[in-house]
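Please open the model in your viewer, with the sequence alongside, and follow the selections below in order.

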Amino acid sequence: MTYVSEFVGSLIFLLGGYAYMCNISLKKTLIGKLNYIELAFAWSLAVGFGLAVAVILGGPAYLNPGAVFGSVISGTLPIGPALLYLLMEFLAAGAAVLLCILFFWDSMKASKDMPKRGIFSAYPVEKNLPLNFFQEVVATFFFLFLVLGTIKASSGDSAALQIGVVGFAAVMILSLTVNSTGFSMNAMRSVFSSIWFAILPMPNKDGEKVDWAYQLTVNLVGSSVGGILAVLAVNALFK
């Protein structure tokens, strides 16, 4: 059940965020354009509910490859279970991308000249790999430090609520990173979904390419380094 919880929590998190991105990125939707406050609330609610549901279902609520890698390095998670958690996150990313394609199929057909890779992955306003890498490490560290610290400290019936609220608050606080890193802080949210974006057919993708140099450097390595540091810091704090 712990692996199912990782899949379900990840799916809720990603589907909520991707659906909002579809609404603001495509034609023939009811929202139609970016509103910064809406963006922060949409992703915050998605992350908060995903974390809360994963905890309610009895899981560790990693929902982030960086948290999984950090747990392996700290010795609190064996390699075998870690690979299964990563598989659940990868499958959840695929399910979220596929569901968005199906639900927004007509909107994608109507959006011939509109880029779609940014719906499913994060990119900065100005690309600067060394700076973006540093920003992603710092943002991911603070986000996961808040969430994982709350998971460590929480117990009992109120644990899911506390973790969900902290997840919501953390994303709201770190919404400032939307210009610098594209608001990712999670390889599942960007890299895993970029793989599915490249594989799955969708209307009017028109050969749009994933920027793998950015995705692998910033959203995979950067967020993983930040996650590892956060896990080590939380473990040291509660030791």
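Begin by selecting the buried residues of helix α4, which are A82, Y85, L86, M88, E89, A92, A93, G94, A96, V97, C100 and I101; buried means under 20% relative accessible area, exposed over 50%, and partly exposed in between, with a 1.4 Å probe and protein chains only. Helices (H or I, at least four residues) and strands (E, at least two) are DSSP runs, numbered from the N terminus. This is a predicted model, in which local features need pLDDT of at least 70 and side-chain atom pairs count only at pLDDT 80 or more, whereas totals for chains, interfaces and linings use all residues. Residues are numbered from 1 along each chain as its sequence is written, and side-chain values use heavy atoms, with hydrogens and water left out.

Next, show what lies over these residues: the cover of the buried residues of α4 includes α1, α3 (65-73), α5 (105-110), α6 (117-120) and α9 (187-199). For the helix itself, the 25 residues of α4 should span 36 Å at 1.5 Å a residue, and its end C-alpha atoms are 36 Å apart, which agrees; the expected span is 1.5 Å times one less than the number of residues.

Now turn to the aromatic rings, of which the structure holds 12 pairs. Rings of Phe, Tyr and Trp (its six-membered ring) pair if their centres lie within 6.5 Å, and planes under 30 degrees apart count as stacked, over 60 as edge-to-face and the rest as tilted. Select Y3 and Y85, whose ring centres are 4.8 Å apart with the planes at 50 degrees, so the pair is tilted. This pair links distant parts of the chain, with Y3 in helix α1 (residues 2-25) and Y85 in helix α4 (residues 79-103), 82 residues apart. Y3 is partly exposed at a relative accessible area of 27%, while Y85, at 7%, counts as buried.

Move on to F141 and F145, where the ring centres are 5.7 Å apart and the planes lie at 25 degrees, so this pair is stacked. The two residues are 4 apart in helix α7 (residues 129-153), and are therefore separated by about one helical turn. F141 is partly exposed at 22% relative accessibility, and F145 is partly exposed at 28%.

Stay in helix α7 and select T150, which is buried with a relative accessible area of 13%. Its side chain reaches the backbone oxygen of L146 at 2.7 Å. Leaving aside residues up to four places away in sequence, T150 touches Q162, I163 and V166, where contact means heavy atoms within 4.5 Å.

Then select F13, Y18, W43, F120 and F197, which ring pairs link into a cluster. The charged end of K205 sits over the ring of F197, 5.2 Å from its centre; a charge sits over a ring if NZ of Lys or CZ of Arg is within 6 Å of the ring centre and within 35 degrees of the ring normal. At another ring, that of Y123, the charged end of R117 sits 4.1 Å from the centre.

Finally, zoom out to the whole protein, which has 10 helices and 0 strands. The C-alpha trace spans about 55 × 40 × 35 Å along its principal axes, and 52% of the 239 residues count as buried. Among contacts between residues at least 6 apart in sequence, 81% join residues at least 24 apart.

Terms used. Polar contact = N/O pair within 3.5 Å; in protein donor to acceptor, adjacent residues only side chain to side chain.
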